[in-house]
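Grab a pencil and work through these exercises. Try each task on your own, then follow the solution step by step.

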Amino acid sequence: MKSMYYRILGRGDAAMHVPVMDGPLKPNNRLDVAERVTEVPELDNLVSCEGKLWATSETQLGVLSNDRLETVHTFSSTITCLAVSETSRLAIGLDEGRVVIFDPSSKEVLDEQVVASPTALLFWDEDDLFIASGSKEHSPSEWQADLMSEGRSGSLTRWSLKDGSAHTLLSGLAYPTGLVRDKTDRLVFSEAWKHRLCVFADPTLDGIGRPGIEPVLTRLPGYPGALSLNPDGSIWMAVFAPRNQLVEFVLTEREYCTKMMRQVDRSLWIAPTLRGGRNYHEPMQWGAVKQLGVLKPWAPVLSYGLAVRLNAEFQPIESLHSRADGSVHGVTSLLETRENDRATTYAAAKGDGVLVRMDAGSQL
Amino acid sequence: MTSETQNPVIEIQGGTKDFHGAIAIEDIDFQLQLGEVHSLLGENGAGKSTLTKIIAGAHQLSKGQLFVDGTQVNFANPGEALDNGIAMVFQENSLVPTMTVAQNIFLGDEKLFNGLRKLNIAAQQFLQSLNFHVDPTLLVSALGAAQRQMVEIARAVHHNARVIIFDEPTATLTPEEKHHFFGLVNRLRENDVSLVFITHALEEALDISDTITVLRDGRIVDTGKGAEFDRGRIVRAMIGRDLSNSAYAEINAENRITRPTKEKVVSVENLSMGAAVRNTSFSVFSGQITGVFGLIGSGRTEMMKIIAGVYKRDLFHGGNVILKNKEVRYRVPNQAVQDGVVYVTEDRKTEGFFENMTIAQNIQLGHLVSDTRLWNTIGLAEAQNLSKYWFEKMNIRAISPDARVIELSGGNQQKVVIAKALAQKPEIVIFDEPTRGVDVGAIKEIHQFIEKLAEEGIAVIMVSSYLPEIMGISDRILVVRKGQVVEEFDAADASEQRVMFAAVH
């Protein structure tokens, strides 16, 4: 009844409003004017380990050296997420449904765990690894399908590396895609399809009883992804795709959406993407705001480049953008380093396969 | 056109006016020449309005003489002054709200058989000749403050007055409308109409005046040719000291320290209300001043009134107003007040206070409105303490909190309106033209107060059509055009040209 009321009046869930990007989220072109370090297809998952910058490209794990990605190991499936422990062990999520513990010095897989759809990893300490699984039905590479089928089957698991036990702490999540331990030792995760950040409200982190979640940042204008903690306690949040009123509308039209998913090639869906606008068969959105062949930066798009820095209270304080006419779309990973006492931020745009570097981040 | 050899059109010798012992003007010698634009400047309460109301017949001198064309007169009422060719455009306008624009313009000048159609056509032609874009068929009650002011001016011009007194005529006009207005002033001057021009915008006075007279505490402290004055001389004369860091001081964007954004407290998504507000979205953050700039009629006030529950957005697909992550849709403004949202109106006389009540009573009413208890009462001692606190905090210049609001000057009335609003303990304050009709001294005080509110963590929205004000104290600037927020500027990036360009184009 309430749903019908909302549909008639255009309110509540039926309103299909997308929050505006203003204030600290005011559009700019900082990602586009940033220094382009290297171009690697599907560059993702930046971490710092033993003073080196690690990243992944499809199935390859590598180190960035002389502004090139040097492959260290190739896995059997696309690498979806990466985490590093204090003793420099790497946890690696694979699209085929596994998480492995990898020793970069010996290049050996030390342990592994089956996880349906690993999307984010976090070493809490040497013995405990938190694993975000995006979905039970779809692998990470099928994230669009999970969104368009209104997936709510994500979970958060604690894997004890000591005894090998895995304990699911939360389930029914709307595609958790980022994990971070904040300065006050709280576990924070992003829930992409609900456009929000949440704190896992269980101080013991053992999932006993009925652990809840506390949303700390809601109504984001895009789908939040990876999170990374900066030295000053601020957090970089990658927003891998923008929300769009057309997509919000399609999501409410279940019959149309199901038919589209069944009958149309995935690259042509009316759905967010890491990089759009490359195929002239794509739906009308891109062409609608072209004037004299030039795509306007404010065009309603299916892909966008956006990274947001949050303060310790999870409020946005600055943002990096690559707008409709930009070329750093689909930012999936960020990492802040200190170089010559200055904060330098690296952003990996998986959509455009580019790594950019800029002076941005913590003010220490 | 100004001729010192001519006899003055208006002359006051030794003019004194007291209201029950309180001296408003004292021993004033004033002359207005033929075809002269004579600006009267001074802080609120300096006596400008009293002086001009005496000329216009609204008040009579307690002592001294008034001469018109060298003949001593004593007008019993404004009608007598009008018969002598003296018209006044009041700061708080005197139109009949239930009549149309055309009917108001021709009020008192009706023919025996008035055809409404002919009246409207004549009014339309007349308004067009003045470059005022107002629909003559609209009821005055449906007009905004600026359009009412235009009708007031048009009415004075229509009466073919020889002397027109403008009390803050440009306060509600946009820069473009001001441009037209000054063109009109020049045309009137060329036709030997003498103009008295009260304003708080010093730049306007310097631009347009043949003669400038500065009053302070009811006395003339400086007078001379307009060309001999500069901003510093006027300010020194007005307040007896230099005024730095005011709205009129040079604004150096590089030195501005912008308050950082904190929590997003208001989020407006796809807000629509008829043709006035069209599918607009914006956010407001705590601890910041969000300046909202736009031309009159751009929909700024309407947007803010929707947030404050004064207006209702469209029933179907009217958009969302999200207050601290809670979707709200107010039926009455009191619900907004309960949620910590207050709106300080642009039209203080009609919507801002109860003019026949005292300062204390107005402030206490503000407090009572925010009380959520069913039987909300306030003890006598508490009420007195409350009004005393705000009376002192806002530095309201009156004998006591028991003075009636109607007796206060414009600036002090505005302080009462603000005190009444802040007594509601708000978390979000919307100031709509907070310094309209307020003198420079009070402007500085009000600005400092607004900045202090933001520093205390309150989310402040300040709607203003005065660009230096917007540029001076806003941390971020939203520009509204045709019912939509069309551009956002950081204070450091904004320039008057860029903001104005966004508002116009």
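**Exercise 1.** What percentage of the 505 residues of chain B count as buried?

*Solution.* Before we start: this is a predicted model, where local features need pLDDT of at least 70 and side-chain atom pairs count only at pLDDT 80 or more, while totals for chains, interfaces and linings use all residues. Residues are numbered from 1 along each chain as its sequence is written, and chains are lettered from A and ligands numbered from 1 in the order in which they are written.

Step 1: get the rule. A residue is buried if 20 or more other C-beta atoms lie within 10 Å of its own, exposed if 12 or fewer, and partly exposed in between, with C-beta atoms placed from the backbone.

Step 2: apply it. In chain B, 51% of the 505 residues pass as buried.

**Exercise 2.** Find out how Ile317(A) sits: which class does it get, and what does it touch?

*Solution.* Step 1: locate it. Ile317(A) belongs to strand E23 (residues 316-322) of chain A. Strands (E, at least two residues) and helices (H or I, at least four) are DSSP runs, numbered from the N terminus.

Step 1: count. Ile317(A) has 18 C-beta neighbours inside 10 Å, so it counts as partly exposed.

Step 2: list contacts (C-beta atoms, placed from the backbone, within 7 Å). Skipping neighbours within four places in sequence, Ile317(A) is in contact with residues including Pro24(A), Ser234(A), Pro260(B) and Thr261(B).

**Exercise 3.** In what order do the strands of the open four-stranded sheet in chain B run?

*Solution.* Step 1: read off the order. It goes E12-E11-E14-E15 (chain B), with antiparallel pairing; two strands pair if DSSP finds at least two bridges between them.

Step 1: find the edges. Strand E12 (277-285) and strand E15 (326-328) of chain B each pair on one side only.

Step 2: check one pair. Strand E11 (residues 264-273) and strand E14 (residues 320-323) of chain B share four bridges in the antiparallel sense. Here, Val266(B) stands opposite Leu323(B) in E14(B).

**Exercise 4.** Describe how helix H12 (residues 359-370) and helix H14 (residues 410-422) of chain B pack.

*Solution.* Step 1: know what to report. Two packed helices are described by the angle between their axes and the distance between the axes. Axes are lines fitted to C-alpha atoms, for helices over the stretch in contact, and angles run from 0 to 180 degrees between N-to-C directions.

Step 1: H12(B) and H14(B) make an angle of about 30°, and their axes are 7 Å apart. So H12(B) is roughly parallel to H14(B) (under 35 degrees; over 145 is roughly antiparallel, 65 to 115 roughly perpendicular, the rest oblique).

Step 2: name the partners. Among the residues that meet are Ile359(B) and Asn362(B) in H12(B), and Val416(B) and Ala419(B) in H14(B).

Conventions
Two residues are in contact if their C-beta atoms, placed from the backbone, lie within 7 Å.
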